[in-house]
Amino acid sequence: DNSRTDADEMIVTKDIPERKAVMINNSDAFVIFVGGIGTLDEIGDVLEAKKSGIMNKPIVILNTNGFFDGLKAQLEIMETAGLLPKPIDEIVYFADTPKDVVEYLAT
């Protein structure tokens with residue numbers, strides 16, 4: 001059942017690639033929370049879109065209890081190896097608390 005009576009808007013897509021495109025096009029910013037492989041996949045898509053200049057919307061990763069420390073370390077390795085065209089902090093912001101997320105997006 002796709003009915004969500006309390007939703008302001010419901011967008012149904014035919015597949016995951018279309019869903020990601022709609023998400024990127026319709027969002028003002030991206031806040032990533034703890035999640036699984038699907039979340040990791042979506043992180044990759046928005047990071048690549050920002051890195052490549054396809055979009056320039058804020059990306060914030062809420063790093064609850066260090067959940068994304070490994071991803072942050074991997075991005076630092078990529079930056080050190082010269083594999084990123086711009087500094088990590090121009091692509092993504094890692095926030096430690098929800099308050100940090102709100103403060104970052106308010107700037």
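**View 1. Glutamate 48 in helix H2.** Glutamate 48 sits in helix H2, which covers residues 37-51. Helices (H or I, at least four residues) and strands (E, at least two) are DSSP runs numbered from the N terminus. The model shown here is predicted: local features need pLDDT of at least 70 and side-chain atom pairs count only at pLDDT 80 or more, while totals for chains, interfaces and linings use all residues. Residues are numbered from 1 along each chain as its sequence is written, and side-chain values use heavy atoms, with hydrogens and water left out. With a relative accessible area of 39%, glutamate 48 is partly exposed; buried means under 20%, exposed over 50%, and partly exposed in between (1.4 Å probe, protein chains only). Its side chain makes a polar contact of 2.5 Å with the side chain of serine 52. Such a contact is a pair of N or O atoms within 3.5 Å; within protein, one must be able to donate a hydrogen and the other to accept it, and residues adjacent in sequence count only if both atoms are side-chain atoms. Glycine 35 is 13 residues from glutamate 48 in sequence and 19 Å from it in space, C-alpha to C-alpha.

**View 2. Lysine 20 and its aspartate neighbours.** Look in helix H1 (residues 16-26) for lysine 20. This lysine 20 counts as buried because its relative accessibility is 13%. Leaving aside residues up to four places away in sequence, lysine 20 touches Asp41 and Asp45, where contact means heavy atoms within 4.5 Å.

View 3. The loop between H1 and E1 holds serine 27. At 17% relative accessibility, serine 27 is buried. A polar atom of the serine 27 side chain lies 2.5 Å from the backbone oxygen of methionine 23.

View 4. Three strands form an open sheet in the order E1-E2-E3, with parallel pairing; two strands pair if DSSP finds at least two bridges between them. E1 (30-32) and E3 are the edge strands, each with a single partner, so one side of each has no neighbour in the sheet. From one strand to the next, the twist averages 25°. Three bridges pair E1 in the parallel sense with strand E2 (residues 59-62), and valine 31 stands opposite valine 60 in E2. Helix H4 packs on the sheet and touches E1, E2 and E3, its direction making about 170° with that of E2. For these angles, axes are lines fitted to C-alpha atoms, for helices over the stretch in contact, and angles run from 0 to 180 degrees between N-to-C directions. Both faces of E2 are covered, with Ile59 and Ile61 buried on one side and Val60 and Leu62 buried on the other.

**View 5. Two aromatic pairs.** The count of aromatic pairs comes to two. Rings of Phe, Tyr and Trp (its six-membered ring) pair if their centres lie within 6.5 Å; planes under 30 degrees apart count as stacked, over 60 as edge-to-face and the rest as tilted. Phenylalanine 67 and phenylalanine 68 are edge-to-face because their ring planes stand at 85°, with centres 4.9 Å apart. Phenylalanine 67 is partly exposed at 42% relative accessible area, whereas phenylalanine 68 is buried at 6%. Tyrosine 93 and tyrosine 104 make a stacked pair, 4.3 Å centre to centre with 5° between the planes. Tyrosine 93 belongs to strand E3 (residues 93-95) and tyrosine 104 to helix H4 (residues 98-106), so this pair ties together parts that are 11 residues apart in sequence. Tyrosine 93 is partly exposed at 29%, and tyrosine 104 is partly exposed at 28%.

View 6. Most residues other than glycine have a negative phi. Asparagine 65 has a positive phi of about 50° although it is not a glycine. Its place is the loop between E2 and H3, and at 79% relative accessibility asparagine 65 counts as exposed. Helix H3 (residues 69-80) has 12 residues and reaches 16 Å from its first C-alpha to its last, close to the 16 Å expected; the expected span is 1.5 Å times one less than the number of residues. After H3 comes glycine 82, with a positive phi near 80°.
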